[in-house]
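Here is a short briefing to read with the model open beside you. Take the topics in any order you like.

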Amino acid sequence: MREGLHKISGSEDTIVALSTPIGRSGIGVVRVSGSLASRVGSNFFRGSGLVHSRAVVGCWMDSNDSVVDQVVAVFYKAPHSYTGEDVLEVSAHGNPLTLQQIIGMIQSAGARLAAPGEFTLRAVANGKMDLIQAEAVRDFIEAQTDIQARTALRQMEGALSRQIQPIKESLIDLIAHVEAGIDFAEDDVQLPDVESMAGRAQSLANSLGRLQKTYSYGKLLSLGVRLVIAGKPNVGKSSLFNRLVEADRAIVTDIPGTTRDIVTESASLDGIPLKIFDTAGVRDTRDDVERIGVARALETAAEADLLLFVIDGSRQLDDADRAALEKVRNLSHLIVANKADLGAFHDAEVDGMKPLRVSAKTGEGIDELRQAIRENLGHAQSEGFTESILTTARQNEAVLGAISHLHVGETALRENVPAEMALLDMYQALGCLNELTGETTTEDILGRIFSTFCIGK
Amino acid sequence: MFDESYDVVVVGAGHAGCEAAHAAAKLGCNTALYTMNADLIAQMSCNPAVGGIAKGHLVREIDALGGIMGLVADEAGIQFRLLNTSRGPAVWSPRAQEDKALYRTLMRRMLERTPNLFIKQAEVMELLFDGAAVVGIELQDGRRVGGQTVILTTGTFLNGLIHIGEKQFTSGRSGEPAAIALANCIRSVGFEWGRLKTGTPPRLDRRSIDFSAFEKQEGDVHPTPFSLRTTAELRNAECCYITQTNERIHEIIRSNMKRSPLYSGQIQGIGPRYCPSLEDKVVKFADRDRHQIVLEPEGVDSREIYVNGMSTSLPIDIQREILGQIKGLESADMVRPGYAIEYDFVQPTELHPWLETKKMQGLFFAGQINGTTGYEEAAAQGIVAGINAACKSRRKPYFMLSRSDAYIGIMIDDLVTKGTSEPYRMFTSRAEFRLNLRIDNADRRLTPLGREVGLVADGHWDDYLERQSRIERLRARLSETKPEASHPFFISRGIELRDRPTVAALLRRPEIRLEELFAEGVLESENLRREDLVSIETAVKYEGYLKQQEREVDKLRKAEAKRIPADFAYENMPGLSREIVEKLSRVRPTSIAQASRIPGVTPASITILLFHLEVRRRPSQPESVA
């Protein structure tokens, strides 16, 4: 928590920040939240009156009554705003100097600069959104692919919270049943037997288990994938790299060892952000520069989520191939036989794996390669989720924790451990789910989330 | 100015008042206990029983602190049962049927033997204030009595209004006047007050009942006492009898619903969900074709039988009709009808955790006036209010129990933090650290605290120390003793012992019970008490769960250690909504732990609060603003 929240201090309760990126742009949006927002508007904005939720065109005036900029201002009356407080949004022209001046004027009126994530922190504090939604706001802003953005949007709209809610309700219901057996033993309450209660705990764990499985994809989606292309020199690694990023990014020549440094480019596979690394051909060499390139290639390969080991499919596998493969074979990899366009093709198994036949030059086999990558990354499913997915390690930990406590509780019930002890784990499972939606949380969780926000959101 | 003066004045001699007066007097305060009728001290106005699930825990805790309810209940008990023994030891709870008249007599005797304690019969009309502090009371006869502190334990008497069918009349309890003047005085102070409702069933003449029609419920073969100080043998002199309502009765109730003050709108107060009237049960659980009725004796000499489960405010003729439909009660004669009673209570968020009101210094509330229900809940608040009134008049630090210390701590924290919208009853499920809050370790949890505060007398303390050392000795013996694998106990049960485990290791197996090891001669018997065995066995057998719980307790302790100063200004705190500021200002939590339990206070606002506490704690280090 410390990092982000330590900055939220000062005695004023109104915050201001530039909500658009710093630098020259078409427009820049300055956002103000807090009790001074309305006074800031009346002090500096000249136009027809500010009414809740309506865009008004006017001028931003300085203290000498001269125009700073022509702007559009929107005022949101608390609690019907993003933060739940009075909010003023000023869209000015995107000149950094003008924007800086406007922010300075608002500060002089008593507001202070917002800390990272502070607008959203206030929204959470005022009950405008829960933690998952707050995380989603950050993910949405940082989304690089359309699917990332869509997933974040769904979470922002509360899809994940909605999905967890019935599981939580059902757990609360189960706990209530076990509790009733304890507290109302004197009354004639009718309770389900232990076996059926254990069964319910198990089915809750199963529901959460299905949700947890989405994290393997959600993780790829949120963190992206490092895909490294490696192999001995001159097997067409860079051509394949270009084909995969579909742009002439790396220099391609016929001279072996042309790519001496690491070349990277971003691409998207079904919305999963791919970071593709083209590396120097791995061989023993006396060239110092190339030797450094080879060493860096191996370093890069070691951090790959998946390695494409490229061979020249038009030739027999030789010792250089085998030597290069030996260096990377412990990593998760696919064998790609390039140059299928050259006719004579050798498809003998390499290292117990049938090579994927492609031609970087003609594009032959590239779709199949993409499919193989997809499968290797552990998700055959590409699009069209009906359910929401887990996208952050925090969410995943909480769900895993809940599952494990449910399993312990279930076993305890079946083994006739006294109910009040079995309940200990049920409550801890509930605690995990509460942590997820933020109903009960520790300071650290909030800090972790809010410290990763950019200023102005 | 005053006719007489006391350190502590207690108004009301019910279960809260008795414990409060006893505690204050024991702590050396000159204490007056005012009651409208000195013959009805410690009257059990509803069922003739003490204890029950979670309530039995409260009584043990009161006893461990040096209170008196457990001692009296043990001596006046006529049938003892330990409840929930099919579950784990954490939720075992003692309960006893009581001889009501004997209970009153013994409690009065206990109070009369307490030095510094003076019983007074008079109606208290008015509280006397000097600014924002209470200074005494005024009686009906015009006398003014000075009190450094005043504890109100008014039960159902404040503006009490009894309902029986269409009839209603002011009354504090059946046959006793209500306290109208005092109620109006309290309302006029400006406390947030409300109306609650409770009810009681009819009492029948024992001679007119055919008991052969019922299932008999006997006391335990080995009765469990409330007080570990009780040495006399507990007596099972009476039995209870179990029967059920039926569809005919439910039909009678349904067709007479218009005559129920509960459903006609005549009663406005909110009743306990956990102890509903029979008409409530029939309406809310329409799918059930019967409800349990337990017939409980009101005493050994008394001819009255309490009809547990039939609390009602239906008209008397309907009550008769209902009874007539139960086999064995066809010709039952009703001694007293059932009734509902509405009364004033004050939202307990008006109180500090030491039960003093925030608005008036020196004024303490305990019992039903705080929105609770139950003798045990009342007594538990009484002892805390009594101790703290004494602390106040002696200028000593207040006595407070944490949620991890005791059920008493949980109850008071719930009340002062959340307030209540219905009569509050104790449940084990309210205790998040239930496994640690057992009847077998109540003394270990609380007796040292009671000793520190001065309520645990020398004899009590010596007994406590002796029991602890008995337990220690036996525990050490169990971790050294390695029984012979060839002992018939193991052979007959097919239990194979490899590597000769110690008894302590053996006890971790669910099927091995310490009591049996003694009974069957695996362990040489010595002078042992069953309570000791339970304490040891629980500690050993459930060590894993207890440790798991302990980790949770540690988290709470950390949050409790983050104190919030009493004068903390929430108003100007950036990032907190007005609604949350209002809630925090009203409750004025003493710690972050308490703040986080206030309903509607979000975790994010707790984070903001923590941050500002940090800033306040280190004002010399200004924070950099990005």
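pLDDT is the predictor's confidence in each residue, on a scale from 0 to 100. This is a predicted model, in which local features need pLDDT of at least 70 and side-chain atom pairs count only at pLDDT 80 or more, while totals for chains, interfaces and linings use all residues. Residues are numbered from 1 along each chain as its sequence is written, and chains are lettered from A and ligands numbered from 1 in the order in which they are written.

**Confidence**

- The model as a whole scores ipTM 0.80 and pTM 0.79.
- Chain B has a mean pLDDT of 92, and 97% of its residues reach 70 or more. Residues 619-626 of chain B have pLDDT below 50, and this stretch has 12 contacts in the model beyond near neighbours in sequence. Here two residues are in contact if their C-beta atoms, placed from the backbone, lie within 7 Å.
- Chain A has a mean pLDDT of 79, with 85% of its residues at 70 or more. In chain A, pLDDT is below 50 over residues 1-12, a stretch with 37 contacts beyond near neighbours in sequence.
- Residues 440-457 of chain A also stay under 50 in pLDDT, and the model has 58 contacts for them beyond four places in sequence.
- Where pLDDT is low, the predicted coordinates should not be read in detail.

**Domains of chain B**

- Chain B is assigned domain 1 (4-197 + 343-450), domain 2 (203-340), domain 3 (480-544) and domain 4 (562-617). These bounds come from an automatic or database domain assignment.
- Between domain 1 of chain B and domain 4 of chain B, the C-alpha centres lie 30 Å apart. Five residues from domain 1 of chain B and eight residues from domain 4 of chain B make the contact.
- On the domain 1 side of chain B that touches domain 4 of chain B there are one nonpolar, two polar and two charged residues. In this classing, Ala, Val, Leu, Ile, Met, Phe, Trp, Tyr, Cys and Pro count as nonpolar, Asp, Glu, Lys and Arg as charged, and the others, Gly among them, as polar.

**Sheets and strand pairs of chain B**

- Helices (H or I, at least four residues) and strands (E, at least two) are DSSP runs, numbered from the N terminus. Two strands pair if DSSP finds at least two bridges between them.
- One open sheet of chain B has four strands in the order S11-S10-S19-S12, with antiparallel pairing. Strands S11 (167-170) and S12 (193-200) of chain B stand at its edges with a single partner strand each, so one side of each has no neighbour in the sheet.
- Within that sheet, S10 (residues 161-164) and S19 (residues 339-346) of chain B pair in the antiparallel sense over three bridges. B:His163 has B:Ala340 as its bridge partner in S19(B).
- Another open sheet of chain B has six strands in the order S14-S15-S16-S17-S13-S18, again with antiparallel pairing. Its edges are strands S14 (215-217) and S18 (334-336) of chain B; each has a single partner strand, so one side of each is left without a neighbour in the sheet.
- S13 (residues 203-205) of chain B pairs with S18(B) in the antiparallel sense over two bridges, and B:Arg203 stands opposite B:Arg336 in S18(B).
- S7 (residues 124-130) and S8 (residues 133-139) of chain B pair in the antiparallel sense over six bridges. B:Glu126 stands opposite B:Glu138 in S8(B). The hairpin of S7(B) and S8(B) has two residues between the strands, and B:Gly131 takes a positive phi near 65 degrees there.

**A covered helix in chain A**

- A residue is buried if 20 or more other C-beta atoms lie within 10 Å of its own, exposed if 12 or fewer, and partly exposed in between, with C-beta atoms placed from the backbone.
- Helix H4 (residues 118-125) of chain A is mostly covered, with eight of its eight residues buried. Among them are A:Phe119, A:Leu121 and A:Val124, along with A:Glu118 and A:Arg122.

**Backbone details to look up**

- Most residues other than glycine have a negative phi, and most peptide bonds are trans.
- The peptide bond from A:Ala78 to A:Pro79 is cis, with omega near 0 degrees. A:Pro79 sits in the loop between strand S5 (67-76) and strand S6 (87-94) of chain A.
- A:Asp65, which is not a glycine, has a positive phi of about 65 degrees. A:Asp65 is exposed, with 7 other C-beta atoms within 10 Å.
- B:Arg395 has a positive phi near 55 degrees and lies in the loop between helix H10 (375-393) and helix H11 (407-418) of chain B. B:Arg395 is exposed, with 6 other C-beta atoms within 10 Å.
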